[in-house]
Amino acid sequence: MDQFLSLVVSAVLLAGLYAAMAFGLGLIYGVLRIVNLAHGGVIMAGAYTTWVLFTRFGMDPYLSIPIVVPLAFLFGVGLYKGLVRFLPRGAAGGVQSLLLLFGVWLVMQNVAYLLFSGNDQAIRTSYSTRGLSLLGVIVPLNRLVVFVIGLLTLAVLHVLLTRTYVGKAIRAVAQNPDSCTLVGIDVERIYTLTFAIGTALAGLAGLLLSTLFAFNPGAGAVELLKSFVIVVLGGLGSVVGIALGAFVLATVEVFSILVLPSFLTAAVGFVLLVLVLVFRPGGLFGQKVLS
Amino acid sequence: MSVLEVQDIEVFYGDAQALFGVSLTVEQGEIVTIVGSNGAGKTTTLRAIAGIRPLAKGEVAFEGTSLKGVPAGERPGMGIALVPEGRELWPQMTVEENLELGAFSPRARKDRVATLRYVYTLFPRLAERRRQLAGTMSGGEQQMCAIGRALMSKPRLLMFDEPSLGLAPILVQQVFANVQRLRDEGLTILLVEQNLKKALETADRGYVIETGAIAQYGPASELLADESIRAAYLGI
């Protein structure tokens, strides 16, 4: 029973991190119909930016959020205006966008090797090893903070998309960009904004990951793949769906250690991905692809 | 000064020319209709006025101001609205969200609460369905929602592209009744229709378009009585 409870707590906390990781990828796919392969690179860059701020300026990683997130946002604006804007959209642009953004990722990775070498880095704060008792389970403090930030991000995104004019315009562009022009929505501006928000979320995910794990310039690959699994699980283009997808993946991964050797944990998600693609191609939660 | 003045416009789709010098005017408070068969260039004309199709030649002026260089996204803000063919709503958003987004331009947004109330009094059915997803409504209700969305931008010129397409006969009546009602509310209307008889019965003046050029124009009643038009389009 104790073990069960502790696994549940781990799963919930892991889900918060996974959701934060996947939001950006899901948002960009939902609106622009582009799988942002540079997502992993931005996660890595977010981690390094946090690390630089921490080691050079002694900034607490969580207090760096107001710096890292806007920087990632601006990077997203630049990436969209400089490159992504010229890509064909939708199914027709699939191959080009995958190649281009994969290229961007490789460039980012290699720049990071140049700047920071390939050594593992980690952020150790005074509270890095502190734990908290939650439902009788000892939980690392960082995990809890990351979970709370993940939840807050979900809430902010949800309010943005359902309560604000700009958020509604983002959803409208996802559903039918042509009629957006008819009511005076500047579709290109919405694309820029969406891509930038998605990139900012990837930067935030990198920051959160840097507080939990060691990283090197190759970081972000596993995160990208897991984000992809989550987005597919949750049904493309829904914030709540992504949160649920993250929860499913985290639960399955955590509980798999009861029956599987731990080196197979990472494979569990992909088995799940294949199963969902075969049996529920619209996502686990029946969310239709917004077309 | 005319509300709308279209002068000798030409439009291409790639290499294929769709409009060969179309000219027309719409005066304040008029219902003007463009009729013609499928592929004659009716929709293209509206899309050119809305700014969605670029002009190769000619000019469009709204209330005396040339629209040259004004992007499509800024025209709703000036007072031009289009109810597109096939409605083109956002299916996964509620009726009210669809309407709210109609008032996206800054000029319309500040009055959106009042305009929304006005649209709901005009179409009480939309008020009943405000929380329903637009994609789950019937064709007639979606048409109302599309008109409501266009009204939310507080237009002075309202353009309809095939509003009766795909609707049951009783709803077709309703659509044309609505067009007349909106004119009575003070709007100027440009109506594109395949249903030539209904359109000419509703309109003040009409233009007949054939293979990308205006073939005939005049008061709607005269066009409706014209032997050649009756023979070509009504089979009488």
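Biologist: Why does B:Glu63 count as partly exposed?

Modeller: This is a predicted model, and the label rests on a count of neighbours. B:Glu63 has 16 C-beta neighbours inside 10 Å. A residue needs 20 or more to be buried and 12 or fewer to be exposed. The count of 16 falls in between, so B:Glu63 is partly exposed.

Biologist: Where is B:Glu63, and what is its phi?

Modeller: B:Glu63 sits in the loop between β4 (57-62) and β5 (65-66) of chain B. Its phi is positive, about 50°, although B:Glu63 is not a glycine. Most residues other than glycine have a negative phi.

Biologist: What is said of the phi of B:Glu88, and is B:Glu88 buried or partly exposed?

Modeller: B:Glu88 also has a positive phi of about 50° and is not a glycine. The loop that holds B:Glu88 runs between β6 (80-83) and α3 of chain B. With 19 other C-beta atoms within 10 Å, B:Glu88 is partly exposed, because buried would take 20 or more.

Biologist: Why is B:Tyr233 called partly exposed?

Modeller: B:Tyr233 has 19 other C-beta atoms within 10 Å. The cut-off for buried is 20 or more, so B:Tyr233 is partly exposed. B:Tyr233 belongs to helix α11 (residues 227-234) of chain B. B:Lys197 is 36 residues away from B:Tyr233 in sequence, yet their C-alpha atoms are 8.7 Å apart.

Biologist: How do you know that the radius of gyration of chain B agrees with a compact globule?

Modeller: A compact globule of 236 residues would have a radius of gyration near 18 Å. Chain B has 17 Å, which agrees. The C-alpha atoms of chain B fill a box of roughly 50 × 40 × 35 Å along the principal axes. Chain B has 11 helices and 10 strands, and 48% of its 236 residues are buried.

Biologist: What makes α1(A) largely enclosed?

Modeller: Of the 31 residues of α1(A), 22 are buried, so the rest of the structure largely encloses this helix. From its first C-alpha to its last, α1(A) reaches 45 Å, close to the 45 Å expected at 1.5 Å a residue. α1(A) bends by about 35° at A:Ala22. Just after α1(A), A:Arg33 takes a positive phi of about 60°.

Biologist: How do you know that the length of α9(A) agrees with expectation?

Modeller: Helix α9 (residues 221-234) of chain A has 14 residues, which should span 20 Å at 1.5 Å a residue. Its end C-alpha atoms are 20 Å apart, so the length agrees.

Biologist: Which residues have the most contacts inside the largest nonpolar core?

Modeller: They are A:Tyr18, A:Ala22, A:Ala246 and B:Met159, in a core of 162 residues. The largest share of this core, 17 residues, comes from α1(A). Beyond its neighbours within four places in sequence, A:Ala246 is in contact with A:Ala15, A:Tyr18, A:Ala19, A:Ala22 and A:Ile230. In soluble globular proteins, nonpolar side chains tend to be buried together.

Biologist: How many residues of chain B are in contact with chain A?

Modeller: There are 22 in chain B, and they are in contact with 15 residues of chain A. The elements giving two or more residues to this side of chain B are α2 (75-78) and α3 (95-102) of chain B. The largest share, four residues, comes from α3(B). By class, this side of chain B has 11 nonpolar, six polar and five charged residues.

Terms used. Residues are numbered from 1 along each chain as its sequence is written. Chains are lettered from A and ligands numbered from 1 in the order in which they are written. This is a predicted model: local features need pLDDT of at least 70, side-chain atom pairs count only at pLDDT 80 or more; totals for chains, interfaces and linings use all residues. Two residues are in contact if their C-beta atoms, placed from the backbone, lie within 7 Å. Ala, Val, Leu, Ile, Met, Phe, Trp, Tyr, Cys and Pro count as nonpolar, Asp, Glu, Lys and Arg as charged, and the others, Gly among them, as polar. The expected span of a helix is 1.5 Å times one less than its number of residues. The bend at a residue is the angle between axes fitted to the seven residues ending there and the seven starting there. The radius of gyration is taken over C-alpha atoms; the globule rule is 2.2 Å times the number of residues to the power 0.38. A nonpolar core is a set of buried Ala, Val, Leu, Ile, Met, Phe, Trp, Tyr and Cys residues joined through C-beta atoms within 7 Å.
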